[in-house]
Amino acid sequence: MVSIIGIIIAPVAVLRPTLIKIMVDEYIVPRQIETLWIIAAATMGAIVLEAFLSYWFSYNSKWLGQAIIRRLRFDVFQHLTKMHLSFFNRTPIGTLQTRTINDVETINSIFSQGLVTIVSDILTMLFVISMMLWTSWKLTLVVLAVLPFLILSTYLFKEGVRKSYEIVRTKISEMNAFLQERISGIHAIKTFSKEEEEEQKFRKINKAYTTANIHSIFYYAVFFPVVELISAVSFGLMIWYGAGGVLKNEVTIGTLVAFPLYIGMLYRPVRMLADKFNTLQMGLIVARRIFKVLDTDEHIPNTGTIVAKKLSGDIQLKNINFSYQEGHPILKDLSLTIPYGKTTALVGSTGSGKTTLIGLINRFYDLEDGEILIGNTNIKAYDLYSLRKRIAVVLQDVFLFRASIMENILMGNDEITPEEVIQAAKDIGAHTFFERLPNGYQFEVMERGSNLSAGQRQLISFVRALVVNPDILILDEATSSIDPTTESAIQLAIEKIIEQRTSVVIAHRLGTIKKADQIVVLEKGRILEVGSHEDLLDNEQSSYHQLYAHQLV
Ligand SMILES: Nc1ncnc2c1ncn2[C@@H]1O[C@H](COP(=O)(O)OP(=O)(O)OP(=O)(O)O)[C@@H](O)[C@H]1O
Ligand SMILES: [Mg+2]
């Protein structure tokens, strides 16, 4: 529809000067005053029609653009949230932000200034030229004598702007990535007093961005006057030749009146066209970048069909090999049975692969080699989302969103009632902690939970895990030391949530470790020992014994 209007608009616009020419030649010059009103009314009508069509066209083409980019933004977001974690390990957050917001916005220009309007502009030009030729081909050729200069300058302009625009886009992306990282890492910057240094770095990026922008502004600043100049020359040529023509009776006065209008109509689109071509080109570049993200199919393949209603049975890890980057194995031929309904504690020095190991159980990553079975079924055979629903994971550092405590616990799950949340909080002894906050459960948590203590954040994450009543609980115990009251509350909370279900705990607290049914000692991606606290401690050769002696666990 929009393109149809775009096409209609071109001949209607050309109608106006033509009508004026007819008015001068057929009515004013022969003094046909009585019927002049007819042609005057027709001209008025053409102007009104043109105004209406151009309103319709610009509103609808922009509306179309908005509708499309709304959809696209959503698609990019949806695609990103489904993406594999390893994709995020590689891609700076700021870059993804640029893709979803700035880049998609640029695509809008394809619609509002791009394709359809370009077609409409070209059509207008073609109509204008043919009307001019029809009116007076000689005069037209004179007017068009400057065309080669126009084409050349347009080409130079287009190339210049394109190059500088490309740099502008890259710099925006860099700037977003930089800003995002510094703001998230503001603590580290302050701790190490790096404000000045970061300011310097930002100053550099900022300057590069400005320079790129100024380059493109320069091209615009030069181009517009140049086109102005060329059109003035063409206007001068027309007057010079046209006036002579009138005298020789070769050119009518009406033609002489209509031609400046034609020239105006011819050069305006030319000026805009170069710019629009750039916008279109940029839009296409950006579109390519967005589609690159959309085409990156790094999802964990969700081909399993079994809906995990209840996960029972042991978790068996069989000859697992895993690496984040090829050639740097993190887990090496690891086999382990995690008994159903019992607590397994993982211990081992930092970087030994504990967090990695638990991330494999709910398929954050897929294995290179080997298999993981839950109740004799390979986890790949389960529907991914149903599997993750039955497994609760409490990570080392808790991530909280900007929302109330209640909302942070519910996480949008409408199968849970607030009463159940409060009950769960009471069960693990977190209730009194939340009650003490202003507004209790409605306390507004800031981004990443920055207005809560580490202990409070952990308690929230425990309630979050408990309230879904998972079959398997995975807990990466945080090492941060907390005041003794909170510490004992957390210890109690942990004991409660790991009770009566299969639990895997990366344990740092001796209390948790001692109570575990099985302790697994991990070292450099391999299992060194498996046994109970007493068994392992009795064996003086065991590395658990050493760790214990050094108070490392
Ligand atoms: N996202 C990642 N991308 C690449 N390498 C990673 C990633 N996460 C961890 N690693 C590497 O994997 C190894 C094991 O890390 P992991 O987080 O499993 O250790 P961990 O035993 O949990 O240590 P900690 O006790 O300090 O939490 C480390 O050498 C680390 O460099
Ligand atoms: Mg870890």
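Modeller: Four strands form an open sheet in the order β2-β1-β4-β5, paired antiparallel. Because β2 (329–338) and β5 (377–378) are at the edges with a single partner strand each, one side of each has no neighbour in the sheet. Helices (H or I, at least four residues) and strands (E, at least two) are DSSP runs, numbered from the N terminus; two strands pair if DSSP finds at least two bridges between them. This is a predicted model, in which local features need pLDDT of at least 70 and side-chain atom pairs count only at pLDDT 80 or more, while totals for chains, interfaces and linings use all residues. Residues are numbered from 1 along each chain as its sequence is written, and chains are lettered from A and ligands numbered from 1 in the order in which they are written.

Biologist: How many bridges join β1 to β2?

Modeller: Strand β1 (residues 315–323) is joined to the antiparallel β2 by six bridges. S323 has P329 of β2 as its bridge partner.

Biologist: With which residues is L346 in contact?

Modeller: Contact requires C-beta atoms, placed from the backbone, within 7 Å. Beyond its neighbours within four places in sequence, L346 is in contact with residues including K354, L357, V504 and L522.

How values were computed:
Two residues are in contact if their C-beta atoms, placed from the backbone, lie within 7 Å.
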